[in-house]
Amino acid sequence: MAQPDERMRRIRRNNWIVFAILAAFVVAVFSYSFLHIGREARPDPAASAPARP
C-alpha cells in the first residue's frame, strides 16, 4: 500500500493538473466571449452592407 506522503504527493499533482485544465477552459471561454462582444460592437461594414447590382 502507498505511503501517506506518496499518496498526498500524487493527489496534489492530480489536483494541479485538473486546476490547469479548468483554468485553461475558463480563459478560453472568456476570451472567446470578449472577442465575440468586440465583433458585435464593431461589425464588419463590408459583411453587413447589402450588395448593389
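Let's start with Glu6, which counts as partly exposed because its relative accessibility is 40%; the partly exposed class lies between buried, under 20% relative accessible area, and exposed, over 50%, with a 1.4 Å probe and protein chains only. Keep in mind that this is a predicted model, where local features need pLDDT of at least 70, side-chain atom pairs count only at pLDDT 80 or more, and totals for chains, interfaces and linings use all residues. Numbering runs from 1 along each chain as its sequence is written, and side-chain values use heavy atoms, leaving out hydrogens and water.

So who does Glu6 pair with? Arg10: the two form a salt bridge (Lys or Arg side-chain nitrogen within 4 Å of an Asp or Glu carboxyl oxygen), with the closest N and O atoms 3.9 Å apart. They sit four residues apart in helix H1, so about one helical turn separates them. Arg10 is partly exposed too, at 36% relative accessibility. And that's it for salt bridges: the structure holds one.

Okay, zooming out. The protein chain has two helices and zero strands, taken as DSSP runs numbered from the N terminus (helices H or I, at least four residues; strands E, at least two). Of its 53 residues, 2% are buried.

Further along, Leu22, Phe25, Val26, Val29, Phe30, Phe34 and Ile37 make a nonpolar surface patch of about 710 Å². A patch like that takes residues with over 30% relative accessible area and no salt bridge, nonpolar side chains being joined within 5 Å. Val29, for one, lies in helix H1, residues 4–41, and is partly exposed at 41% relative accessibility.

Definitions and conventions: Patch = residues over 30% accessible without salt bridge, like charges linked within 9 Å, V, L, I, M, F, W, Y side chains within 5 Å. Areas by Shrake-Rupley, 256 points an atom, 1.4 Å probe, with all protein chains shown as cover.
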